[in-house]
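Visitor: I'm new to this one. Could you take me in close to the salt bridges and show me how the partners sit?

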Amino acid sequence: MLIPAGEEAALGESAYKDALSKAKISTDAQASALVRRVGERIAAAAEKPDFKWEFTLFDDPKTINAWCLPGGKVGVFSGILPVTRDENGMAGVLSHE
C-alpha cells in the first residue's frame, strides 16, 4: 500500500532479472513444463490480468524453496521437486507463494 503497483511490479521485474542472471536455469524440460503448467493454472485463478506471469525452474537440488515476486515472477528451485512429487504438491507450493 505504500508503493504504487507499477513501481512494485518494476521492483519485482528487476529482482527477477537479477535472479535469472545469477542462478542456473534447469534444463529438465519435463519438470519445467510441470512448473509452468501448474503456475499458469494458478495465475488464471489469481485474477491478476495486469501481472506478467513467468515461471522458472532453477537447477539447485540443495534448495527446497520457491518464491513469487511482485508482478507475477515465480522461481522454483529443483530441490523442492522430491517434496512436491506431482502437480498437486506443486500446486500447494505455488498457491502458497
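Guide: Let's begin at Arg 37, which is partly exposed, with a relative accessible area of 38%. Keep in mind that this is a predicted model. Arg 37 pairs up with Glu 87 in a salt bridge, and their closest N and O atoms are 2.6 Å apart. That pair links distant parts of the chain: Arg 37 belongs to helix α2 (residues 29–46) and Glu 87 to helix α4 (residues 87–96), 50 residues apart. Glu 87 is partly exposed too, at 24% relative accessible area.

Elsewhere, salt bridges with shared partners join Glu 13, Lys 17, Glu 54 and Lys 73 into one network. Let's walk through part of it. Glu 13 and Lys 17 meet through their side chains at 3.9 Å, N to O. Both sit in helix α1 (residues 5–22), and because they are four residues apart there, about one helical turn separates them. Lys 17 is exposed, at 51% relative accessibility, while Glu 13 is partly exposed at 23%.

Glu 13 also forms a salt bridge with Lys 73, where the closest N and O atoms are 3.2 Å apart. Glu 13 is in helix α1 and Lys 73 in strand β3, so this pair ties together parts 60 residues apart in sequence. Lys 73 itself is buried, with a relative accessible area of 3%. Among the residues it touches are Gly 12, Tyr 16, Glu 54 and Trp 67.

Now look at the strand around Lys 73: β3 covers residues 73–77. It runs antiparallel to β2 (residues 66–69), joined by four bridges.

Conventions:
Residues numbered from 1 in each chain as written. Predicted model: local features only at pLDDT ≥ 70, side-chain atom pairs only at ≥ 80, totals over all residues. Heavy atoms only, no water. Helix = DSSP H or I, 4+ residues; strand = E, 2+ residues; numbered from the N terminus. Contact = heavy atoms within 4.5 Å. Pairing = 2+ DSSP bridges. Salt bridge = Lys/Arg side-chain N within 4 Å of Asp/Glu carboxyl O. Buried < 20%, exposed > 50% of the residue type's maximum accessible area, 1.4 Å probe, protein only. Lists of a residue's contacts leave out its neighbours within four places in sequence.
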